[in-house]
Amino acid sequence: MPETKVTSPAQEALEEWERDTLQPVLEKHPERKSSFQTVSLEETNRLYSPADVEPLDFERDISFPGNFPYTRGIHPTGYRGKLWTMRQFAGFSTPEETNARFKYLLAQGQNGLSVAYDLPTLMGYDADSPLSEGEVGKCGVAVSSLADMEVLFDKIPLEHVTVSQTINAPASVLLAMYLVVAEKQGADWKKISGTLQNDILKEYIAQKEWIYPIRPAMKLVIDTFEFCTQQVPRYNPVSVSGYHIREAGATAVQELAFTLRDGLEYVEWGIRAGLELDEFVPRISFFFNAHNDFFEEVAKYRAARRIWAREMRDRFGSTNERTLKLRFHTQTAGVSLTVQQPLNNIVRVAIQALAGVLGGTQSLHTDAYDEALALPTDRAALIALRTQQIIAEETGVANTVDPLGGSYYVESLTQKMEEGARDYFRRIDAMGGMVEAIEKGFPQRELQDSAYQYQKAVERGEQVIVGVNKYAMEDEPAVSTLVIDESVREHQVNRLQQTRARRDGGAVSNALEKLRRAAQNDENTMPATIEAVRAYATLGEICSALRDVYGIYEEPAF
Amino acid sequence: MNERKIRVLVAKPGLDGHDRGAKVIARALRDAGMEVIYTGLRQTPEMIAAAALQEDVDAVGVSILSGAHNTLCPRIVQLLRDQGMDDCLVLLGGIVPQDDIAKLKQQGVAEIFLPGTSTENIVKFLRENVKPRE
């Protein structure tokens with residue numbers, strides 16, 4: 001049968017415009033470039049028109065905010081009811097210093113806390129480990145035992161302030177410390193809310209702060225799901241993170257695809273462990289990057305909600321609204337910040353943050369302008385928070401729900417994002433799932449490749465970075481940065497030694513032995529971890545007990 | 001006689017896992033015709049010096065984003081010198097505050113490359129500064 005091309009009126013109108021209006025102009029005035037690409041190196045069309053959204057059905061694909069598939073947001077009132085949570089990630093030096101920064105941020109109108117831990121803590125080593133030399137308190141706050149955690153949250157009421165903790169490989173230990181501090185404050189675990197990052201899959205893909213091999217590490221994550229569902233029901237035990245995947249070089253579609261597929265993997269593992277879908281999935285939250293390409297980012301967040309809702313319905317058969325709704329935190333792209341002319345970063349951050357807001361984020365961190373140089377100074381951290389307050393209170397963008405909904409470009413890009421992510425889902429499903437794909441090095445190689453292609457595009461001048469490969473300046477005024485000196489390690493090692501001297505050594509060994517047994521017998525490790533933390537066993541000791549049972553992860557060469 | 005290819009060890013010391021930069025550099029140097037050995041993550045200065053000796057490299061490119069450079073870099077330089085690799089260049093890339101740069105150079109780091117450096121500049125630096133072998 002001969003193929004007959006059906007042209008719609010919208011398509012015909014577009015072709016007419018191209019012929020009669022566009023062509024004569026192009027002949028006289030060629031465009032600036034032969035190709036226009038997003039920061040993900042995706043081609044962008046000259047124009048988007050009704051022809052591009054013809055395949056979309058309003059009810060099925062876009063709908064109203066608060067209605068399936070939640071493309072336009074999970075709340076019918078958007079930010080008219082409640083603004084997003086302004087949650088600045090902070091942590092440096094000693095627990096005393098970070099506690100003071102937290103109190104300062106709360107006094108400036110921030111309404112949630114977010115803890116950055118240092119590298120020894122992230123890797124499960126104590127401050128006095130030889131491997132910790134030069135790293136204590138540098139990239140975040142140093143925490144080696146409950147004694148540090150008590151100082152970190154001193155006079156911060158954990159029943160009322162929500163705290164997000166960026167910790168992954170040793171997340172169950174830090175959760176235990178947090179819960180014991182809350183208990184000592186007299187807080188009710190049933191009323192505590194907050195978030196544990198606890199996303200180990202993206203560590204193997206992107207950030208690479210792992211301890212144990214991937215399968216036992218997944219088991220520890222599921223232990224926290226089970227424990228929180230029963231004992232800390234308002235707490236989010238995982239924040240499935242695309243942020244680090246993007247920072248490591250992913251495109252927007254790769255960030256979206258790998259993050260959501262990681263989320264599906266946690267759901268599958270939870271179900272396999274016997275958890276009830278609609279009991280634990282509503283506590284899974286997400287964390288995305290906000291990069292420079294404004295519309296690509298907005299489309300990414302809208303697509304994320306739609307894909308998650310459809311996957312929860314179609315893959316797992318859920319009809320529970322709380323399971324279907326994807327909630328997420330956003331952070332502006334650290335990787336986009338420049339050392340050169342660092343004050344320009346304030347502008348980048350503002351535009352990226354606006355994309356997060358127009359994408360309907362539930363909470364937001366804005367980077368400080370000096371973060372390509374060091375950890376933020378007080379002044380830089382304050383401007384970052386004020387940036388969010390200006391967007392919220394001055395620009396009017398929070399007055400209406402999903403203001404970009406219905407834009408031919410944004411809707412068409414949202415659709416393209418969904419298709420790109422689904423293509424990756426098919427490839428990963430065919431490998432047997434995300435754990436298997438990671439074991440094969442698939443997402444790792446995809447990221448490395450994208451990072452390299454982007455670097456090449458920058459070096460060819462196709463991707464412009466203002467102040468770096470265009471508009472560069474010779475003599476730039478220096479900005480002052482925060483310096484963390486080696487006295488932090490001394491201070492932390494002192495407290496660690498005092499803690500070890502004061503505690504009941506027998507109780508510590510018993511608790512660690514119990515933890516080893518729980519791990520060997522495949523029981524939930526949370527109760528034994530909490531007991532060890534209460535006895536002031538250190539982070540390093542607890543992780544060592546689990547290393548004894550599980551071994552350590554060695555990355556193959558990909 | 002064929003000219004000997006420049007051999008570079010790309011190393012990630014310390015606890016930091018951010019290896020995007022190290023991997024991009026390794027690939028760019030390979031594309032520029034150099035022989036590149038990548039150590040993988042979390043190598044101690046001792047492991048890096050031993051690998052440099054075993055692989056007989058002309059340069060060691062160290063990537064550190066965690067702020068631990070003042071502790072780790074001088075030690076790598078010292079260990080290389082102790083094993084007689086006086087001509088082996090040590091290059092550092094990463095997040096390094098301006099105030100640390102002069103001191104690191106005094107301690108024997110040949111050059112420090114900050115975020116935003118083009119890989120072409122690093123290739124050029126190596127070609128101009130690696131000492132020809134006899």
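Reader: Among contacts in chain A between residues at least 6 apart in sequence, what percentage joins residues at least 24 apart?
Author: The model is predicted, and the figure is computed from it. Contacts in chain A are counted here once the two residues are at least 6 apart in sequence. Of these, the share that joins residues at least 24 apart is 77%.

Reader: Why is chain A described as being as compact as a globular protein of that length?
Author: Chain A has 23 helices and 9 strands. For its 558 residues the globule rule gives 24 Å, so a radius of gyration close to that value makes chain A as compact as a globular protein of that length. The radius of gyration of chain A is 24 Å.

Reader: What percentage of the residues in chain A is buried?
Author: The C-alpha atoms of chain A fill a box of roughly 85 × 60 × 50 Å along the principal axes. A residue counts as buried if 20 or more other C-beta atoms lie within 10 Å of its own. Of the 558 residues in chain A, the buried share is 50%.

Reader: Are α7(A) and α9(A) roughly parallel or roughly antiparallel?
Author: The axes of α7 (residues 171-184) and α9 (residues 214-231) of chain A come within 9 Å and cross at roughly 30 degrees. Angles under 35 degrees count as roughly parallel. Therefore α7(A) and α9(A) are roughly parallel.

Reader: Which residues of α9(A) meet α7(A)?
Author: The residues of this contact divide into 3 nonpolar, 2 polar and 1 charged. From α7(A) come A:A171, A:S172 and A:L175. Their partners in α9(A) are A:L220, A:D223 and A:T224.

Reader: How are α21(A) and α22(A) oriented, roughly parallel or roughly antiparallel?
Author: Helices α21 (residues 505-520) and α22 (residues 526-534) of chain A pack with axes 8 Å apart, at an angle of about 165 degrees. The crossing is left-handed. Angles over 145 degrees count as roughly antiparallel, so α21(A) and α22(A) are roughly antiparallel.

Reader: Which residues of α22(A) make the contact with α21(A)?
Author: By class, this contact has 6 nonpolar, 1 polar and 2 charged residues. The α21(A) side consists of A:A511, A:L512, A:K514, A:L515 and A:A518. The α22(A) side consists of A:A528, A:T529, A:E531 and A:A532.

Reader: Which element gives the largest share of the side of chain B that touches chain A?
Author: In chain B, 25 residues are in contact with 31 residues of chain A. Helices α1 (20-31), α3 (69-82) and α5 (119-129) of chain B each supply at least two residues of that side. The largest share, 4 residues, comes from α1(B).

Technical notes
Residues numbered from 1 in each chain as written. Chains lettered and ligands numbered in written order. Predicted model: local features only at pLDDT ≥ 70, side-chain atom pairs only at ≥ 80, totals over all residues. Contact = placed C-beta atoms within 7 Å. Axes fitted to C-alpha atoms, helices over the stretch in contact; angles between N-to-C directions. Parallel < 35°, antiparallel > 145°, perpendicular 65-115°, else oblique. Nonpolar A, V, L, I, M, F, W, Y, C, P; charged D, E, K, R; others polar. Rg over C-alpha atoms; globule rule 2.2 N^0.38 Å. Buried ≥ 20, exposed ≤ 12 C-beta atoms within 10 Å, placed from the backbone. Left-handed = near helix turned anticlockwise from the far one by under 90°.
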